[in-house]
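Here are my notes on the model. Please read them with the structure open.

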Amino acid sequence: MDINKNEPKIVHRRRRVGSEGDGGRGVRSLDQRPGLIKFTFVFLYKSLYILGITLLRRKNRMLRGVRRFFNRLRGSSYSFLEKLTEDTFGLGQQIMRRMKAPFIRLGNVRGEMKPVIEKSKNDGKIPVWAYGQIVGTFARLLYAIVRTLVNHALPILAAFLLFVAVRDRIDVQQSVGLAVTYNDQHIGMIHHETIFEDAIQELKDRFFSEEDIPIVLTPQFTLRELEEHEVFADASALADRIVEASGGEIANGFGVFIDDIFLGAYHDVIQIIEEFDYILDSHRTGIEGERVEFLRRVSITREGVFPLSSIRSFEEIREDLHGNDPNAPTTSYTVVDGDTLSQIAQRLEISYQSLVDHNPTLVNGGLFPGQVLNVPIAQPLMQVQNIRTVVFPEEFPFDIEEVPSVAYVRGFRSISTVGQFGVREVTAEVAEVNGVEVSREIMGTRVLRAPVTQRVIVGTNNPGNITSFGSVSSQGFLWPTQGGVITVGLWGYPGHTGVDIPRPAGTPIFASAAGTVVRVVHGRVGYGHYVVIDHHNGYTTLYAHASAIHVSVGQRVNQGDVIASVGRTGNSTGNHLHFEVRRHGQIMNPAHYLQR
């Protein structure tokens, strides 16, 4: 396509804003824009709001820092103050080093360039490069100083100019807050938006179910000065005004809460308090010094505005106070053939409606055998605990002191002083619910009889040095005679409850461990002549078929002491030692306690 270069070009020009002929369509005239003064004050208002919030946060942060400082100062020791001084001194030194660093750098550059300058002067030249390095370093130093001053000075200067610009327009004595508009109605002034959120939560607590709560519209907040005779509203007052602005039927009353359970609102708070007192009085036992308390937190709100659906009669509230807890834990019940809901409710001592409420599927279907139902555990809503102070005697244990003694071999233990329990008087605060103790807190004790420390003599002598005829096992038992080996073990034949160690007649028999001789028998059958030693640790040992016995009943023997001589008395076919070990009367295998 050919283009005629001589053909004139068509240029579309934009109309000037506010020019004639636009008819005001789609173009904003200068008269419709905000004026300079209005724009300035809107800008200052927003800036001051942001500045105020920032200053408030910094003030709170500063106060927290001051409190932390004085808490540390009050509870700290001299070492903390000394460390604080050292840290402060170190910080000062660090600041001084950072301040001197540019000047040191300038001196270093000057020192580096000094030989170059002197050499250039000696050669008759001008050291332009060296001077340039020094000037550049000085310029960077000067720039850093100016930049630091500007960064710190400009915010201060801006705040000062802002204050000067608005000081004639703002009355610093006037309180400023947020005006709340809800459902196109002004409902009050608040300090912060969170008060409105608290009011909405309190509003939800005034209804029995969420379905009854009116739609909570989005509020509008406007920052403005507090007018004369106008005060800031708290969450409760704001909730009252929201209920009033919702347009529903309302009434005044006092809200009754048990923990987080809302029982309703009633107009006569005195009657509600008297009912609470009646419940407490019915649980008093008359014990001196007793006090009664509710297990749950009971609260009655101050008089406020409630929806008419939340206002209840005194009989309804009283019935709930004396009824069961709707949020009590549940158990299960398995339906059997022939069960009906009424029979189940009567058998479990719960209401028919409560059973239905905990099993919503029963509404659409019937019962069938094997069906598992949720059954609420009957638990009163207003449980009361009786608290009283009791005083009672109590035994407490004695200490055990071990007294080492080289007069006895290692493994020997003997009680020299029998311990006795002490007795003390205990003062405790006991809490009971329905006659069952649920807690006990010790308030104080007083010793009536001091305990007697039990002293135990403990042998420390090395049993390995007692005799050269045998060695001591890891269990602390010595080989009970001179030489020999076990030829017949435990249960080697029916009724054999020990081990046999054949030795020549007259070979000495040693006490395998320290203890007390508790039995000496000179018999003609069975064990023949034998000795029993109690080692005071649950173990006893028996030495049988002896030809002679060298100890008596009640005698204390050390490990390795000669107590008898090998023989063949009793039911024996040859000279040997029959040795037994028993633990708390139970037969043990001696081979496990001996080391040869």
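**Notes on the model**

1. A nonpolar surface patch is formed by Phe138, Leu142, Val146, Val150, Leu154, Leu157, Phe160, Leu161, Phe163 and Val164, with about 920 Å² of accessible area together. Patch members have over 30% relative accessible area and no salt bridge, and nonpolar side chains (Val, Leu, Ile, Met, Phe, Trp, Tyr) are joined within 5 Å. A salt bridge here is a side-chain nitrogen of Lys or Arg within 4 Å of a carboxyl oxygen of Asp or Glu. Areas come from the Shrake-Rupley method with a 1.4 Å probe, and for residues only the protein chains shown count as cover.

2. This is a predicted model: local features need pLDDT of at least 70, side-chain atom pairs count only at pLDDT 80 or more, and totals for chains, interfaces and linings use all residues. Residues are numbered from 1 along each chain as its sequence is written, and side-chain values use heavy atoms, without hydrogens and water.

3. Leu142 sits in helix H3 (residues 128–166). Helices (H or I, at least four residues) and strands (E, at least two) are DSSP runs, numbered from the N terminus. With a relative accessible area of 45%, Leu142 is partly exposed. The classes are buried under 20%, exposed over 50%, and partly exposed in between (1.4 Å probe, protein chains only).

4. The largest nonpolar core has 24 residues. Such a core joins buried Ala, Val, Leu, Ile, Met, Phe, Trp, Tyr and Cys residues through side-chain atoms within 4.5 Å. Ile509, Val531, Ile533, Tyr543 and Ile563 have the most contacts inside this core. Strands E17 (499–502), E20 (529–534), E21, E23 (562–566) and E24 (576–583) each supply at least two of its residues. E21 gives the most, with four. Apart from this core lies another, of 19 residues, among them Ile190, Ile195, Val243 and Val305.

5. Ile549 lies in strand E21 (residues 539–549). Ile549 counts as buried because its relative accessibility is 16%. Not counting residues up to four places away in sequence, Ile549 touches (heavy atoms within 4.5 Å) several residues, including Val531, Ile563 and Ala564. Ser565 is 16 residues from Ile549 in sequence and 6.6 Å away in space, C-alpha to C-alpha.

6. Why is strand E14 (residues 422–433) largely enclosed by the rest of the structure? Nine of its 12 residues are buried. E14 pairs with strand E11 (residues 384–396) in the antiparallel sense over 12 bridges; pairing needs at least two DSSP bridges. Pro393 stands opposite Glu425 in E14.

7. E14 also pairs with strand E15 (residues 436–449), antiparallel, over 11 bridges. Val433 has Val436 in E15 as its bridge partner. The two strands, E14 and E15, form a hairpin with two residues between them. Asn434, in the turn, has a positive phi of about 55 degrees.

Key. Patches are made of residues with over 30% relative accessible area and no salt bridge: like charges are joined within 9 Å, nonpolar side chains (Val, Leu, Ile, Met, Phe, Trp, Tyr) within 5 Å.
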